[in-house]
Amino acid sequence: MSKHFGATKALDDVDFICNAGEVHAVLGENGAGKSTLMKLIAGALQPSHGRIRVDGHDVLLTSPQDALQHGLVCMFQELSLVPDLTVRENLLLGAPGAGIGWLRGTGLDTARAVLERIGGADIRMGVRVADLTLPQRQQVEIAKALMKKPRLLILDEATSALNASVVESVFELVREQRDSGTAVLFISHRFHEIEALADRISVFRNGRRVETFKKGDHDYGDIIDMMVGQKIEELFPDKPLTDEDAEVVLDITGFNWDGRVKNVNLSVRRGQIVGLGGLDGQGQGAFLMGLFGLLRKTTGQTAISGRAAELRNPKTAKQQDIALAYIPEDRKTEGLILDQSIRENLELAALGRPDLDATDETLYAPSLEQLALKHGGLGQPVSSLSGGNQQKVVLSKWLAIKPKCLLLADPTRGIDVKTKTQIYAILRQLADQGTAIVLLSTDYEELIQLCDETHVFFDGKIVASLSGDNLTPQNIIAATLNIAQPAQAAHA
Amino acid sequence: MLDYVRSNRREVIAGVVLVVLLAGYIGTHPRGASTYVMTIWANQGLILGLAACAQFFAVVVRGIDLSVGAIMALTNCIASYLLDGSALGIGFGMFAVVAAGAACGLLNGVIIVYGRLQPIVVTLATASIFVGIALLLRPTPGGAINYDLADAITLDVLGIPTALIITGVVIMGFWLPFRRTGLGLGLYALGSSEQAAFQSGINTKFIRLAAFTLAGFFGGLAGLYYSFVTTTGDAGIAPGFTLNSIAAVVLGGVLLRGGVGSLVGALAGAFILKTIASLMFFSGLPSLAQPLFEGMILAAAIAIGGADVLRARNKLEAYS
């Protein structure tokens, strides 16, 4: 099977088999052809050459509708929920037996049950999807896929915004589906998730399938080598020794907002990367937004390099005297203007800084080079890039203003391993050069391996501050669930 | 209940505005809430209401229909030839008039969907074509409509204006059930996020085609009802109705970006516009000042609809 986009071969002569009753993980960097393969199976794209066979019969999948009729259900990375409709209406959209006629609401009970099992019991059916948080939308998306009673279920980064305990309950459901004979295709960039769920693993690289093997036949190192085609020595850069007396770059005291962020104190020293963890929606995301001036009526003091700073809006936050940069959670809607060219996007942050000439390529060229942005010309629209490369553009755009303080909201969500290591490396380097870095993450490996200190949020407050030997997965998980442990109580 | 009011607050606002204006109108009118006053008001409201329904179906799928008035003009001219004579002939004529409207809408839809063109351009072109045909049919206003039938449909039943009964039938008999069908849901899905609708296995081409056909169908109904009210055929009515139908859906809380609003809102918006016009006529304000006041009320209504942005504590919500 092949798929060509103009001269680009997204998939090149790939054979791929997925059996009933197994969870088949598909691994590969961004742009390796995984998502293209999934879209072909789901009928969203048509192959340039080749055939798709379901139960031994050739099928022609000209639209997602055809694919649904064959029981091929896909949970896309880009969510398939309609923002202006309610949860109930979204679940009914394209549900089995729902044509253009009267909607009977069959399957809603299944969806409700699924939602309750995966921690979405508080999602009301009458609420507009636009009013839900990103993790809640993913939960609805999962319920919507499962109520279609799939024979082949594709999970394309389906759990990327969900936290560990919800992911575990989703996995339980997926295992049940598998045991009742459903085939599951699973795409994730989190190794521990693949470890937990997969039966077999296929690795893709540059539009080709490199190898398929049983889980356990190869270790992490081997798999990463297969994915990148070359050896990556270390996923995370070494942590330097923390200098306890280093200058405090960012200092926040008594930060409050709307009852959702409560009395948060945080300070970041020169050379430090500070992590923010916690379950979804515990105030850590709002805290970052508030720092960048995106929220109304926040209280508290912020000082940068010892000087008090008032951050009313992003425009003041990015000026030279403050030089704050914020990498938002959703790069497609908040981080980039997809239809504009890569160059125009790169200029956006420096634009409006009187001391910088936004058209000066030397502002962003070094970081582009270090991140090794793969592109077909800076004049191309940024939407032509893969997800990982888009994130590199967002990062370079903000690095152009030489930020004193960099706030990142889950910057590696849905991004391949190689890009992750590049981002980790540049973050560590920036920290060494004196940039204060605050990193919100849903991946606790990042909070442990990359961050010098991690603060865990619960119900709007920091409930634990972990560093050094205290920074362990067990401690983070305990803190996210707000189970106090003696060792931390003293610390927090 | 709270969720329900929240998700329908646009219709609620339009309803409240309408009630207030109507109370003002009845209060200032020398003959008060008589059947006569209400019937004239309802007839005028329903003509624009049906045109607003037509516009609604185009707007909800993130389109716009500039041929609503033209379809009304064309169907009105066809009606002025067909709606007289035997009962059977009139029955066939009414069917033909509405079918002609639906056919015009289908033509719009086919060009938009299969020509992959912008609705605003397509309907601008077809509007000229429809008006052109109407002018060939009726170079000057004229023709006749069966008076008995026209009276039956434009007067009252037991003191209730027939136009209000028809409005009720459109809402209860058509809209509320329609909203619970896959097609009704699909319209909103398409207008709100075409990509999400496609990925959910919705036949987006069919839905868009159906939306424009329904727009034509309601344009035909509006033309038919206009014929009963005026009992003549007139090819020159197109521009006013097209623009007013857009104003009406906006007043009724239908977002021009698609995916938000309802037929009830569109109807309410149309009645609001007509009530303002009548209010102005009887309040002694110079009729030349009417567009000024209509515009101010339009702006105020949109401002109220967007007022919840002020409550948002997250500035990004203002842009979503």
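**A close look at one residue**

Tutor: Leaving out residues up to four places away in sequence, A:Ala350 touches A:Leu356, A:Ala358, A:Leu363, A:Ala400 and A:Ile401. The model is a predicted one. A:Ala350 lies in the loop between α12 (342–347) and α13 (365–371) of chain A. Is A:Ala350 buried or exposed? A:Ala350 counts as buried, because 21 C-beta neighbours lie inside 10 Å and the cut-off is 20 or more. A:Leu407 gives a sense of distance: A:Ala350 and A:Leu407 are 57 residues apart in sequence, and their C-alpha atoms are 17 Å apart in space.

Next, the domains of that chain. Chain A is assigned domain 1 (3–228) and domain 2 (248–491). Over C-alpha atoms, the centres of domain 1 of chain A and domain 2 of chain A are 29 Å apart. Where these domains meet, 17 residues of domain 1 of chain A are in contact with 17 residues of domain 2 of chain A. On the domain 1 side of this contact in chain A, α5 (134–146) and α8 (220–228) each supply at least two residues. The most comes from α8(A), with three residues. Sorted by class, this side of domain 1 of chain A has seven nonpolar, seven polar and three charged residues.

Now the contact between chains. It takes 34 residues from chain A and 28 residues from chain B. On the chain B side, α1 (2–7), α9 (182–192) and α10 (194–199) each supply at least two residues. The largest share of this side of chain B, seven residues, belongs to α9(B). By class, the chain B side that touches chain A has eleven nonpolar, 13 polar and four charged residues.

Last, a pair of helices in chain B. The axes of α4 (residues 68–82) of chain B and α5 (residues 87–114) of chain B come within 9 Å and cross at roughly 160°. An angle over 145 degrees counts as roughly antiparallel, so α4(B) is roughly antiparallel to α5(B). The crossing of α4(B) past α5(B) is right-handed. From α4(B), the contact uses B:Ile71, B:Leu74, B:Thr75, B:Ile78, B:Ala79 and B:Leu82. From α5(B), B:Gly93, B:Ala96, B:Val97, B:Ala100, B:Gly101 and B:Cys104 take part. The residues of this contact of α4(B) with α5(B) are nine nonpolar, three polar and no charged.

Definitions and conventions: Residues numbered from 1 in each chain as written. Chains lettered and ligands numbered in written order. Predicted model: local features only at pLDDT ≥ 70, side-chain atom pairs only at ≥ 80, totals over all residues. Domains from an automatic or database assignment. Contact = placed C-beta atoms within 7 Å. Helix = DSSP H or I, 4+ residues; strand = E, 2+ residues; numbered from the N terminus. Nonpolar A, V, L, I, M, F, W, Y, C, P; charged D, E, K, R; others polar. Axes fitted to C-alpha atoms, helices over the stretch in contact; angles between N-to-C directions. Parallel < 35°, antiparallel > 145°, perpendicular 65-115°, else oblique. Left-handed = near helix turned anticlockwise from the far one by under 90°. Buried ≥ 20, exposed ≤ 12 C-beta atoms within 10 Å, placed from the backbone.
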